[in-house]
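Trainee: Can we go through a model together? I would like to start with the helices and then look at the charged side chains.

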Amino acid sequence: MERITEEQIRHVAELARLELKDEEIRHFGEQLDKIIDAAQQLNELDTENIAPTSHVLDVRNVLRDDEVKPSLPREEALKNAPDQQDGQIRVPSILE
């Protein structure tokens, strides 16, 4: 691993609250190096006469119209919630 150090991988894993084994860290490091190599190959392409685009294909918005439809009653949605308060599902705080 040249560009991405094991220490950097461990740091990002800690931020993401992931527990990685040493073998996984080495494996991810190799994969990240391959991704960086691929990105560097793209940087070598001559794009001087290429117009900037946001997408390769012409993209248009294909969202459906909003329609009011019956939904699950609140009591039904909350019946399997382990903890609830004021008609909402309560979850443990993740902020320190």
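Predicted model: local features only at pLDDT ≥ 70, side-chain atom pairs only at ≥ 80, totals over all residues.

Trainee: Which residues in α2 are buried?

Mentor: Ile 25, Gly 29 and Asp 33 are buried in α2. Seen down the axis of α2, the buried residues fall within an arc of 80 degrees, so they line one face of the helix.

Trainee: Why would residues a few places apart point the same way?

Mentor: An α-helix has 3.6 residues a turn, so residues three or four places apart point the same way.

Trainee: What covers the buried residues of α2?

Mentor: The cover includes α1.

Trainee: And which exposed residues are on the face turned away from the buried side?

Mentor: That face of α2 carries Glu 23, Lys 34, Ile 35, Gln 41 and Leu 42, which are exposed.

Trainee: Why does Ile 35 count as exposed?

Mentor: Ile 35 counts as exposed because its relative accessibility is 54%, and the cut-off for exposed is over 50%. Ile 35 also belongs to a nonpolar patch on the surface, with Phe 28 and Leu 32. Together the three have about 250 Å² of accessible area.

Trainee: Where do Arg 10 and Glu 6 lie?

Mentor: Both are in helix α1, residues 6-15. Arg 10 and Glu 6 are four residues apart, about one turn of the helix. Their side chains meet in a salt bridge, at 3.7 Å from N to O.

Trainee: What about Lys 79, which residue does Lys 79 form a salt bridge with?

Mentor: Lys 79 forms a salt bridge with Glu 76, and the closest N and O atoms are 3.2 Å apart. Lys 79 is exposed, with a relative accessible area of 53%, whereas Glu 76 is partly exposed at 37%.

Trainee: And which residue does the side chain of Asp 83 meet?

Mentor: The side chain of Asp 83 meets Arg 90 in a salt bridge, 3.3 Å from N to O. Elsewhere, salt bridges that share partners join Glu 6, Arg 10 and Asp 22 into one network.

Trainee: Now loops. What is the phi of Arg 17?

Mentor: Phi of Arg 17 is near 60 degrees, a positive value in a residue other than glycine. Arg 17 lies in the loop between α1 and α2, and is exposed at 57% relative accessible area.

Trainee: Where is Asp 86?

Mentor: Asp 86 is in the loop between β1 (84-85) and β2 (88-89). Its phi is positive too, about 55 degrees, although Asp 86 is not a glycine. Asp 86 is exposed, with a relative accessible area of 68%.

Trainee: Last one: how far apart are Lys 69 and Leu 45?

Mentor: They are 24 residues apart in sequence and 50 Å apart in space, C-alpha to C-alpha. Lys 69 lies in the loop between α2 and α3 (74-78).

Conventions: Residues numbered from 1 in each chain as written. Heavy atoms only, no water. Patch = residues over 30% accessible without salt bridge, like charges linked within 9 Å, V, L, I, M, F, W, Y side chains within 5 Å. Areas by Shrake-Rupley, 256 points an atom, 1.4 Å probe, with all protein chains shown as cover. Salt bridge = Lys/Arg side-chain N within 4 Å of Asp/Glu carboxyl O. Buried < 20%, exposed > 50% of the residue type's maximum accessible area, 1.4 Å probe, protein only. Helix = DSSP H or I, 4+ residues; strand = E, 2+ residues; numbered from the N terminus. Arc of directions from axis to C-beta. Contact = heavy atoms within 4.5 Å.
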